[in-house]
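Notebook open, model loaded. I'll jot down what I look up as I go.

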Amino acid sequence: MLEYKSAGEIAAMRESGKVVAAVHAAVREQAAIGVSLKELDEVARTVIAEAKANASFLGYHPSFGAMPYPGVICTSVNGVMLHGLPSPYRLRGGDLISVDCAAYIDGWHADGTVSFTVGEPRAEDLKLIRVAEETLAAGIEAALPGGRMGDIGHAMSTVGRGAGYGMQNDFGGHGIGRAMHEEPFVPNEARAGRGLRLRPGLVIAIEPSLMAGGGDRYYMSSDGWSVCSGDGSRSVHVEHTVAITEDGPVILTLP
């Protein structure tokens, strides 16, 4: 069942979104050569605790997960596209990392992801991040009242595929609010003019992921959580929580 949020409820989600943005800023600042993914998770835990918020991911156990999620952030490195576990792996120069975080305050969730490089960046990685951010921006711009859900996926795939990158449509965006994952599903690729009519009060997480190799195939890692590009190519994931309002889309996961 779809749940449409009031202005007050969207404002409450904005407070959770600020925590997500603060986690991203702190983790990006601490991510350096030699720092482990587990240490970055500890940074995120501290930020969430100091904000008197709660981690949405910790203990989350969907049907595809091999176990309850053990961290408060997903740390996906290089060929890992989504849901990378905060392991003892230590970052190396040139690594490409996506950091996904969700947090809630007073029962209202927000979810967001940033991607960045560690050490000396590769030009092709910077381009991949830039196009992913442009893909997300196109999806957000299409989240207009009176439009259709397919408009969002069409806008994103036009940018992402237009740049020659691979996309998958099994893991996409979602409604969000009282629960981290709510209806509806938000596709990364779809036909314009199709799907759910977008109405003010709908709040969704829009989250495209791109694979540099250009293919759409992916596989689940033996760790039971990490989703990896099928050809081993570098991947990125970006995400914002967005409220659809009478005045257009409003991003809730900004600082």
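Strand pairing first: I count two strands as paired if DSSP finds at least two bridges between them. Strands here are DSSP runs of E, at least two residues long, numbered from the N terminus. The model is predicted, so local features need pLDDT of at least 70, side-chain atom pairs count only at pLDDT 80 or more, and totals for chains, interfaces and linings use all residues. Residues are numbered from 1 along each chain as its sequence is written, and side-chain values use heavy atoms, with hydrogens and water left out.

Entry one, β8. I looked up I204 and found G175 opposite it. G175's strand, β6 (residues 173–175), runs antiparallel to β8 and is joined to it by 2 bridges. I204 also has a bridge partner in β13, V242; β8 and β13 (residues 240–245) are antiparallel, with 4 bridges. V203 and A205 point one way from β8, I204 and I206 the other, and all are buried (under 20% relative accessible area, 1.4 Å probe, protein chains only).

Entry two, the annotated site. UniProt's unreviewed entry lists D100, D111 and E239 as "binding site"; such annotations may be inferred rather than shown by experiment. They span 140 residues in sequence, but no two of their C-alpha atoms are more than 8.0 Å apart, so they gather at one spot.

Entry three, D111. I found D111 in β5 (residues 108–117), and its 2% relative accessible area makes it buried. Its side chain makes a polar contact (N or O atoms within 3.5 Å, one able to donate a hydrogen and the other to accept it) with the side chain of H174, at 3.2 Å.

Technical notes: Buried < 20%, exposed > 50% of the residue type's maximum accessible area, 1.4 Å probe, protein only.
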